[in-house]
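Okay, thanks for making time, everyone. Let me put the model up, and then I'll walk you through it.

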Amino acid sequence: MAKIKKAKKAKEPKRPFKEQKPKGEKLTRAEKKLNKKAVKEALKRKKAFEKRLDRSIGVCAVILCVVSAILDVILRKRKKAE
């Protein structure tokens, strides 16, 4: 006869990694304000970059469509000329 297997223990979920600061050190109000400003400025720069990138991709897409249309017209003219 086969032996009865023991039930396995359930694994505990892993805790997310958090950077722990020493308890004695606390940021001053001015440092917190500067950090907040820096984050806002970084978000503004990122948003501006994404906006420029989206525009440039849109412009490139339009240019490619125009070039494709011109090439189609040229090919049709060649076929008619033959």
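Let's start with Arg76, which is exposed at a relative accessible area of 55%. The cut-offs here: buried is under 20% relative accessible area, exposed is over 50%, and partly exposed is in between, with a 1.4 Å probe and protein chains only. Before I go on, the housekeeping: this is a predicted model, where local features need pLDDT of at least 70 and side-chain atom pairs count only at pLDDT 80 or more, while totals for chains, interfaces and linings use all residues. Residues are numbered from 1 along each chain as its sequence is written, and side-chain values use heavy atoms, with hydrogens and water left out.

So, where does Arg76 sit? In helix α1, which covers residues 29-81. Helices are DSSP runs of H or I, at least four residues, and they're numbered from the N terminus, as are strands, which are E runs of at least two.

Now the helix itself. How many of the 53 residues of α1 are buried? The number is 0, so the helix lies largely in the open.

Leu64 is also in α1, and it's exposed at 60%. From Leu64 to Lys37 you go 27 residues in sequence and 41 Å in space, C-alpha to C-alpha.

Ile70 is another α1 residue, partly exposed at 48%. Ile70 belongs to a nonpolar surface patch of about 690 Å², along with residues including Val59, Val66 and Ile74. Patches take residues with over 30% relative accessible area and no salt bridge, joining like charges within 9 Å and nonpolar side chains (Val, Leu, Ile, Met, Phe, Trp, Tyr) within 5 Å. A salt bridge means a Lys or Arg side-chain nitrogen within 4 Å of an Asp or Glu carboxyl oxygen. Areas are Shrake-Rupley with a 1.4 Å probe, and for residues only the protein chains shown count as cover.

Next, the segment before α1. Lys11 is there, exposed at 81%, and together with Lys5, Lys8 and Lys14 it makes a surface patch of positive charge. For charges, Lys and Arg are positive, Asp and Glu negative, with His and chain ends not counted; the positions are NZ of Lys, CZ of Arg, CG of Asp or CD of Glu.

Lys3 and Lys36 are 62 Å apart, C-alpha to C-alpha.
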